[in-house]
Amino acid sequence: MAANAQGLWGQLEVEQIKERLPVDILREQAQLLETKTRGVVRGRASSLLQREAVLLSFYLEVPTLDDYRYLLFEVLHAVKEPYPISKSTNVGFAPFATKESEFVAWLGQQLSSPETHRTIRGLMAHAGALAS
């Protein structure tokens with residue numbers, strides 16, 4: 001850098017984000033699922049940056065079935081800030097959470113739903129982990 005270069009950034013404040021990022025919350029839940037199923041079914045949170053948005057996909061994976069992946073849901077938020085966050089629908093993405101607590105409440109509903117539990121039990125059965 002040139003010795004006489006002038007910084008034009010002004011008073012740029014770089015501080016820690018107070019909220020947990022949605023991807024961190026998803027990864028936390030993925031780890032808890034792996035523990036609950038003794039590693040038979042794992043959660044996987046992947047992120048993809050697309051221009052000005054971050055697409056988060058949450059998968060259920062079964063290592064013993066050639067790493068079969070089942071897409072449970074997708075959410076989207078801006079690169080600039082994690083909230084508001086939108087969920088995937090049949091016609092695109094719809095905003096649903098403006099702060100972490102709203103996202104966590106929604107996520108709890110998704111992960112504890114009968115449909116999700118049925119899917120996990122089905123995957124475990126295919127993996128041979130459930131007693132007949």
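Which residue is the bridge partner of Val-75 in β4? Figure 1 gives the answer. The model is predicted; local features need pLDDT of at least 70, side-chain atom pairs count only at pLDDT 80 or more, and totals for chains, interfaces and linings use all residues. Residues are numbered from 1 along each chain as its sequence is written, and side-chain values use heavy atoms, with hydrogens and water left out.

**Figure 1. Strands β3 and β4 pair through a hairpin.** The partner of Val-75 is Lys-87 in β4. The two strands run antiparallel, and 3 bridges join them. Strands pair if DSSP finds at least two bridges between them. Strands (E, at least two residues) and helices (H or I, at least four) are DSSP runs, numbered from the N terminus. The hairpin passes from β3 to β4 through 6 residues.

**Figure 2. Strands β2 and β3 run antiparallel.** Here 10 bridges join the strands. Tyr-59 stands opposite Leu-71 in β3. The hairpin has 5 residues between its strands. In this hairpin, Asp-66 takes a positive phi near 55 degrees.

**Figure 3. Phe-58 and Phe-73 form a stacked pair.** By the ring rule, the count comes to 6 aromatic pairs. Rings of Phe, Tyr and Trp (its six-membered ring) pair if their centres lie within 6.5 Å; planes under 30 degrees apart count as stacked, over 60 as edge-to-face and the rest as tilted. The centres of Phe-58 and Phe-73 are 5.4 Å apart and their planes meet at 5 degrees, so this pair is stacked. Phe-58 is in strand β2 (residues 53-62) and Phe-73 in strand β3 (residues 68-78), 15 residues apart. Phe-58 counts as buried because its relative accessibility is 2%. Phe-73, at 8%, also counts as buried. Buried means under 20% relative accessible area, exposed over 50%, partly exposed in between (1.4 Å probe, protein chains only).

**Figure 4. Tyr-83 and Phe-103 form a tilted pair.** Their centres are 6.5 Å apart, with 55 degrees between the planes. Tyr-83 lies in the loop between β3 and β4 (85-89), and Phe-103 in helix α2 (residues 100-111), so the pair ties together parts 20 residues apart in sequence. Both residues are buried. Ring pairs link Phe-58, Phe-73, Tyr-83, Phe-96, Phe-103 and Trp-106 into a cluster.

**Figure 5. Charges sit over the rings of Tyr-59 and Phe-96.** The rule asks for NZ of Lys or CZ of Arg within 6 Å of the ring centre and within 35 degrees of the ring normal. The charged end of Arg-69 is 3.9 Å from the centre of the Tyr-59 ring. Lys-87 lies over the face of Phe-96, 5.6 Å from the ring centre.
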